[in-house]
Amino acid sequence: MASAERNTMIPAASHDPKKPAVREIDTLETIDEVNDSPIEEVRLTVAITDDPSLPCLTFRTWFLGIISCAALAFLNQFFGYRQNALSVTSVSAQILVLPAGKLMAATLPTAQIKIPGSKWSFSLNPGPFNIKEHCLITIFANAGVTGVYALNIITIVKAFYHRQIDPVAAMLLTHSTQLLGYGWAGIFRKFLVDSPYMWWPSNLVQVSLFRALHEVEVRRKGGLTRLQFFITVSVSSFCYYIIPNYLFPSITALSFVCWIWKDSVTAQQIGAGVRGLGVGSIALDWSTIAAFVGSPLATPGFAIINMLVGFVLIVYVVTPLAYWSNLYNAKRFPIVSAHVFDAAGAPYNISAILTQKTFELNLQGYDGYSKVNLSIFFVLIYGLSFAVLASTVSHVALFHGRTIWKQTKASFEDKLGDIHTRVMRKNYEAVPQWWFHSLLILVVAVSLFACEGFGRQLQLPYWGVILAIALAFVFTLPVGVIAATTNQSAGLNVISEMIIGYMYPGKPLANVVFKTYGTISMSQAISFLSDFKLGHYMKIPPKSMFLVQLVGTVITSLVSFGTAWWLLTSIEYICDQSKLPPGSPWTCPGDDVFYNASIIWGVVGPLRMFGKLGLYPGMNYFFLFGFLAPVPVWYFARKFPEKEWIRYINVPIILSGSMGMPVAKAVNSVSWFAVGIIFNLFLYRRFKGWWARHNYILSAGLDVGVAFMGTLCYFALQFHGIDGPTWWGLAVDDHCPLAKCPTAPGILVDHCPLVY
């Protein structure tokens, strides 16, 4: 099956799948040779041929790449502040640049242009627009999709704490946090790129689409080519998305249980897809399904099952038991919320405990007011985040430790890799390690200057920067292994907040800056490594990859920073829901959660939250639980090697089964699981031929349709104040207003019944 599917895609100059292409293709293997990749999905998707003569870093690459990167950086930062944050993926640019590239190839002059004062020359049009140029432009664009985490800091300082920040310090913070990850990517690329077992599942969506767009395919009788299928899906998704985006937004969360029991707080807590547990809730909207965890079509079936088990245990077993047993006075607060509360169940008054002049904790005000309380679900999520991090370390050590050690030795002996690695090593020169090391040293110096300079406006001392960098270095490899094999990734945000919160308490800005340097340098490294693997599959010269990623990251930082600063200084009351006019979209949901985290870990600090002075010290046992949880799975996998299903049990993925809640909502998770099970379990097993041809193309087509219609709707209609028809279904809500209500006696909350 794998060989048959691979050979349906024929290089443009050949129409016989049993023979190598007629044009010169320099590879170690011919198409006839067995693809020795150990991962079946890779064998079904990735071509084993290469043409190293194709030009890569052309004028077209730079021109279209820079425009795509800047456009996506602007759009994603712009929409990120809105109530319904729209993520415009690089797939959109991947589609649009193809006709643009072909148009440039057909119209630009082919003559060589000499660079004055040198022997160098280049052509605006070196030949037909090729797949490698297209891939590099997409990687350029992908830099504009990843976002700039440091802008959350700037947003909460200006829009939530209502303070000023030096724009130069803010700019240096933005650039340095984005670029630190290159150092870790250079150190770990042999393990996470060259290894055939690190296969980065999400990249297969892009590979499928590239091949569908560029390779000549033999159309099956009565069927569609993969390009025709992609166009059909994209147009259908584009046309449909006007319904959930503009005409009937309420279908983004259909919570039937709430509609049956309209007056029951308990029923709405159970059935609400937005503020509750989501039992019986579903979304008829692709953007809701793929909003927070990415496309379920790009996640392996075993990872979906692991996450489903974790989701059911966390959301439908542990949370209800903890809430209705009133653990930590849970009934005083909503069952699911990411906000902070005082002991009376009211929103926490931050101004009562923060000294405005020094921007530090007012201990006297705190002692006279109230300890910080969280919803029971938020408490459990923090405990589980401790467990996920600890279990990631032990899981990778137990299941992959021997492999990593072998890879370490093999990397020095230069024996590591499958057919794709061997082709890359034969045809292209690797990026010198000193490129990565030099960039790392430069960025560390900029980071220290940004934090120590400007009157230490960012609050974090030099030792905090060094500690954050060390934390990212330690965790990049184990977290990268999880991401490269399951399409899921653990973050360092919580553990970094805890570490600096204990060491440097009462300083919210220092806390979030430390978190950003630790979390995002690792996250950026994972993103860079993923793109390197995409280039690996597409046979892109590594040096070209490095340059495109570096320039794209700098452009993204500049454009995103400019967009954020413009919005924060031009939109009155941005992010302040109490002062914004009715219906204003500028509610900043992601920044709201970031702000509350800065209160929990920065202002109040972990000692007064999860330490002996806080309400939730019991959550620290999750570290021990997470560290030990993979041990039984590892033991039984070794004791019963014939039972392969045991090795598919992935404890870190199970523990992270809450799927990004409470930022994500239950309806996102329920819908994601439903789609993932249908396609990556049922269809993958029953109709593997169809799955191999169409699954990743379907995912890309759905993304493109949503992105284009969402962008068109906003700039053509909503930007001009032309909203959809006023009716019940226009609300971006599941119509479960009682789900946010407490159930403890005597707690008074607006629009909620009082329990006696």
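How many salt bridges does the count come to by this rule? The count comes to 9 salt bridges, where a salt bridge is a side-chain nitrogen of Lys or Arg within 4 Å of a carboxyl oxygen of Asp or Glu. Here are some notes on these and other features.

1. **Ground rules.** This is a predicted model, so please keep in mind that local features need pLDDT of at least 70 and side-chain atom pairs count only at pLDDT 80 or more, while totals for chains, interfaces and linings use all residues. Residues are numbered from 1 along each chain as its sequence is written, and side-chain values use heavy atoms, with hydrogens and water left out.

2. **Lys688 and Glu40.** Let me start with a pair that spans much of the numbering. Lys688 forms a salt bridge with Glu40, and their closest N and O atoms are 3.3 Å apart. Lys688 lies in helix 29 (residues 688-716) and Glu40 in helix 2 (residues 40-45), so the pair ties together parts that are 648 residues apart in sequence. Helices here are DSSP runs of H or I with at least four residues, strands are runs of E with at least two, and both are numbered from the N terminus. Lys688 counts as partly exposed at 25% relative accessibility, and Glu40 counts as partly exposed at 26%. For these classes, buried means under 20% relative accessible area, exposed means over 50%, and partly exposed is in between (1.4 Å probe, protein chains only).

3. **Asp194 and Arg425.** In this salt bridge the closest N and O atoms of Asp194 and Arg425 are 3.6 Å apart. The pair links distant parts of the chain, with Asp194 in helix 8 (residues 181-194) and Arg425 in helix 18 (residues 419-427), 231 residues apart. Asp194 is buried, with a relative accessible area of 15%, whereas Arg425 is partly exposed, at 30%.

4. **Lys543 and Glu429.** Another salt bridge joins Lys543 to Glu429, with the closest N and O atoms 3.3 Å apart. Lys543 lies in helix 23 and Glu429 in the loop between helix 18 and helix 19 (433-452), so the pair ties together parts that are 114 residues apart in sequence. Lys543 is partly exposed, with a relative accessible area of 25%, while Glu429 counts as exposed at 54%.

5. **Cavities.** The structure holds 6 cavities of 30 Å³ or more, and the largest cavity has a volume of about 80 Å³. A cavity is a set of points on a 1 Å grid over the protein atoms alone where a 1.4 Å probe fits but cannot get out, and lining residues have an atom within 4 Å of a point. Grid points are joined across faces, edges and corners, and a volume is the space filled by probe spheres set on the points.

6. **Lining of the largest cavity.** The residues that line the largest cavity include Ala143, Thr146, Gln178, Phe528 and Asp531. Helix 22 (508-538) and helix 23 (542-570) each supply at least two residues of this lining, and helix 22 gives the most, with 4 residues. The lining divides into 2 nonpolar, 7 polar and 1 charged. In this scheme Ala, Val, Leu, Ile, Met, Phe, Trp, Tyr, Cys and Pro count as nonpolar, Asp, Glu, Lys and Arg as charged, and the others, Gly among them, as polar.

7. **A nonpolar surface patch.** Ile305, Val309, Val312, Leu313, Val317, Val318 and Leu321 make a nonpolar surface patch of about 530 Å². Such patches are made of residues with over 30% relative accessible area and no salt bridge, with nonpolar side chains (Val, Leu, Ile, Met, Phe, Trp, Tyr) joined within 5 Å. Accessible areas come from the Shrake-Rupley method with a 1.4 Å probe. Val309 sits in helix 15 (residues 301-324) and counts as partly exposed at 39% relative accessibility.

8. **Two positive phi values.** Most residues other than glycine have a negative phi. Cys575, however, has a phi near 75 degrees. Cys575 is found in the loop between helix 23 and helix 24 (589-604) and is buried, with a relative accessible area of 6%. His751 has a phi near 65 degrees, again a positive value in a residue other than glycine. His751 lies in the segment after helix 29 and counts as exposed at 72% relative accessibility.

Definitions and conventions. Patches are made of residues with over 30% relative accessible area and no salt bridge: like charges are joined within 9 Å, nonpolar side chains (Val, Leu, Ile, Met, Phe, Trp, Tyr) within 5 Å. On a 1 Å grid over the protein atoms alone, a cavity is a set of points where a 1.4 Å probe fits but cannot get out, and a pocket is an open set with protein on both sides within 12 Å along at least five of seven lines; lining residues have an atom within 4 Å of a point.
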